[in-house]
Amino acid sequence: MVALRSTEEAFSILEGILGEVRQTRRAPDWERYAKIYDLSVGELITYQALITNVLSKVDIRPGMVVVDAATGTANLIQELIGIEHDLVVHGFENAPGMLEIARDKFSGFGTGNIHIHDADLTQPDWVERVGDGIADLFISVNTVYTLPDPLAFFRGARRVLKHGAPFVMSDPTTTVLAPIMVQHLAAGGEFTPVMREMVEINLDIKAWAERGRSDDDEEGFDFHSTGVKITLLEQAGFGVDTFESDYAGVNTTIVAYAV
Ligand SMILES: C[S@@+](CC[C@H](N)C(=O)[O-])C[C@H]1O[C@@H](n2cnc3c(N)ncnc32)[C@H](O)[C@@H]1O
């Protein structure tokens, strides 16, 4: 582990790691990510701040039905039920490794109110697992950029939400990872070996994003601008309330309401 003393030192270490891992770029793989996900983001101060900020955007009240998509290893759901235990929560995810970790976290929870669905968000039937007009809140963190058709996803979110209910999303508008790491290190965090792996996987993601996605190619990621996301949300039946820079300037967090 490396204890950091200055931002310059952070930049120099990060540059060294990026130089090393550029040699070994592989295709992004959420299964590969699942194995190290909590060991890396669990320690990442900027990621914890992101989750806290997203949850601060809405009132969480007892009895609410909340959807989190895609849920990954369910870190957001853990934080959410720490704020309010009496919720019905639906998490959606399709990577087996992520699902296993997410489900393990709630195996002793006991109320049966946490549902971690194995479902592909690119297929319309995920909506039926919740039902039309059922949810009081929809949250999506670091997911929209991975989906080939954000408008279809937003339409699904609009369907499951009650009229007037909030939708909070935070998603990158850039592939640049360095500010997240530098802010983490500047805040007193350390660069652990598993974070090197995370940096490597994120370089794969950057490579895929740069490669783009064509109509006959399901691979790749699309980093849409905030303006495009707002337009698509409006087309899907949302009124956008606020948007702000988040996650060391890498993400935009958008709060919208189902109209
Ligand atoms: C960067 S992770 C974010 C996870 C979580 N929201 C968080 O903030 O920790 C993106 C997640 O989207 C999931 N994902 C990607 N495409 C998906 C799809 N078509 N259906 C369901 N989940 C998907 C991946 O498996 C991964 O767990």
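How many nonpolar, polar and charged residues does the shell around the ligand have? By class, this shell has 8 nonpolar, 8 polar and 2 charged residues, where Ala, Val, Leu, Ile, Met, Phe, Trp, Tyr, Cys and Pro count as nonpolar, Asp, Glu, Lys and Arg as charged, and the others, Gly among them, as polar. The model is predicted, so local features need pLDDT of at least 70 and side-chain atom pairs count only at pLDDT 80 or more, while totals for chains, interfaces and linings use all residues. Residues are numbered from 1 along each chain as its sequence is written.

Of the 18 residues around the ligand, those that come nearest are Trp30, Ala70, Gly72, Ala95 and Leu121; a residue is near a molecule if its C-beta atom, placed from the backbone, lies within 6 Å of it. Two or more residues of the shell come from each of α4 (75-83) and β2 (88-93). Helices (H or I, at least four residues) and strands (E, at least two) are DSSP runs, numbered from the N terminus.

Strands of a sheet pair through backbone hydrogen bonds, either parallel or antiparallel. Here 7 strands form an open sheet with mixed pairing, in the order β3-β2-β1-β4-β5-β7-β6; two strands pair if DSSP finds at least two bridges between them. The edge strands, β3 (114-118) and β6 (238-246), each pair on one side only. From one strand to the next, the twist averages 15 degrees, with axes taken as lines fitted to C-alpha atoms and angles running from 0 to 180 degrees between N-to-C directions.

The pairing of β2 with β3 is parallel and runs over 5 bridges. Val89 has Ile114 in β3 as its bridge partner. Glu93 also lies in strand β2. Glu93 counts as buried because it has 28 C-beta neighbours inside 10 Å; the cut-offs are 20 or more for buried, 12 or fewer for exposed, and partly exposed in between, with C-beta atoms placed from the backbone. Glu93 and Asp118 are 25 residues apart in sequence, and their C-alpha atoms are 5.5 Å apart in space.

Gly133 is placed in the loop between β3 and β4 (137-141). With 13 C-beta neighbours inside 10 Å, Gly133 counts as partly exposed. A distance of 6.0 Å separates the C-alpha atoms of Gly133 and Arg159, which are 26 residues apart along the chain.

In helix α2, the buried residues are Tyr33, Ala34, Tyr37, Ser40 and Val41. These residues are on the same side of α2 because they cover an arc of only 150 degrees around the axis, the arc being that of the directions from the helix axis to the C-beta atoms.
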